[in-house]
Amino acid sequence: MKIETGLDLFIKKHHSRFRKTKIGFLCNQASVDKNLKHVAELVQTKSLKLNVTCFIGPQHGIRGEKQDNMVESDDFIDPKSQKPVYSLYGTSRKPTSKIINAIDTFVIDLQDIGCRIYTFMYTMLYCMQAAKEHGKKVVILDRPNPVGGEHVEGNLLNLSFSSFVGLFPMSTRHGMTMGELALMFNEELNIHCDLEIISMKGWKRNSYPESWGRPWVPPSPNIPVADSAQTFAGTVHFEGTHISEGRGTTMPFLYIGAPYIESDLLAAQMNRLKLPGVYFRAIYFQPTFHKGKDQVCGGVHIHILDRKKFNSFEAGIYLLSTIAQLYPKDFAWKQPPYEYEFEKMPIDLIAGTDELRKSIDSQTSIKKFLDRSRSDVAQFKKTRKKYLLY
């Protein structure tokens, strides 16, 4: 199966409709076509006759060079095109007057990874709100969801814990594309901006990256391989702890560990749960930066054996709870700030609730939390149903 993304189709047949408008492209290093050519190169081809006035970058920068959360990017002039590049992860996360005044149309081409706790969709949301306020148009060049579009996992966000990693009450693993998310935000949040989705051709909801007919391009620095996206909805919760989620290694969000963890014991405990579609292999690793820098960490490598059976959210929550139970004196939650929130606990912002933290702190079973998350999935599936395009 080979797919054509919204970018492929924009270049192929839709671009001519936008020749009379000033365009700002929200994109990053993964905004490439089937031949791996970047959108900035493609849209400035003279034959297309497009009036591109600027480029706009999300978290991690338009070139994907910023490693961590809350590492901001500055505006700059692109040396190749001499066009301004504006950051929406710097002094502001919302479109500034410089951006608004420079464009008539936001064209958004960002590769999502299928998880509520990922900022690209909220940068898109803020652009949609700005577009409505200032009479601009938004065009989404749709891309596939790398963890598929069938499975939905995890609890609904409680809006009391809304932040830049959660602005809409949806499940942790949402199973939607950026185009579908835009349609849902536009209607459910009463934005009602002038929105157009350039849909993909050939993508199936049950497909995964190896069937796309194109190489994997990391959408952000710590999603180097598709399996990192697959585990992310569960292992991202470790960002709210002092346990390493594998940043500073070659396997972020697949390696989980800390200096005090006995890897064989943890792996045995996790495999005893017999979670479907996954095996936890005992490992040791030494991060070159971030948590555990230059220290030997014991932990596990999460091996996905069957993606259709594997529940990334529940596997991550079980792993978090197990480590807290095994090492109550060492385990600790990370303190604020996190993603520009300076009071609420990072784990509560990530989980979208304080229920998970309170369950783990009280050493009670997380069964109630997981049971509730499953009922949340059924509720969210009803919400998302009318916005699915594929």
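Contact here means heavy atoms within 4.5 Å. Axis angles run from 0 to 180 degrees between N-to-C directions. The model is a predicted one.

Helix α5, residues 178–188, lies across β6 and β7. Its angle to β7 is about 160°. Helix α1, residues 6–14, lies across β1, β5, β6 and β7. Against β7, α1 runs at about 95°.

Now the sheet itself. Strands of a sheet pair through backbone hydrogen bonds, either parallel or antiparallel. Here seven strands form an open sheet with mixed pairing. Their order is β3-β4-β2-β1-β5-β6-β7. The edges are β3 (76–77) and β7 (194–198), each of which pairs on one side only. Look next at β1 (residues 22–27) and β5 (residues 105–109). These two strands pair in the parallel sense, over five bridges. In β5, Phe106 stands opposite Gly24.

Move on to helix α7, residues 263–272. Its buried residues are Ser263, Leu266, Ala267 and Met270. They sit on the same side of α7 because they cover an arc of only 95° around the axis. The spacing follows a general rule. An α-helix has 3.6 residues a turn, so residues three or four places apart point the same way.

What do the buried residues of α7 pack against? Their partners are β9 (278–285), β10 (297–304) and α8 (312–326). The face turned away from the buried side carries exposed residues, Asp264 and Arg272. After α7 comes Lys274, with a positive phi near 55°.

Terms used: Residues numbered from 1 in each chain as written. Predicted model: local features only at pLDDT ≥ 70, side-chain atom pairs only at ≥ 80, totals over all residues. Heavy atoms only, no water. Buried < 20%, exposed > 50% of the residue type's maximum accessible area, 1.4 Å probe, protein only. Helix = DSSP H or I, 4+ residues; strand = E, 2+ residues; numbered from the N terminus. Arc of directions from axis to C-beta. Pairing = 2+ DSSP bridges.
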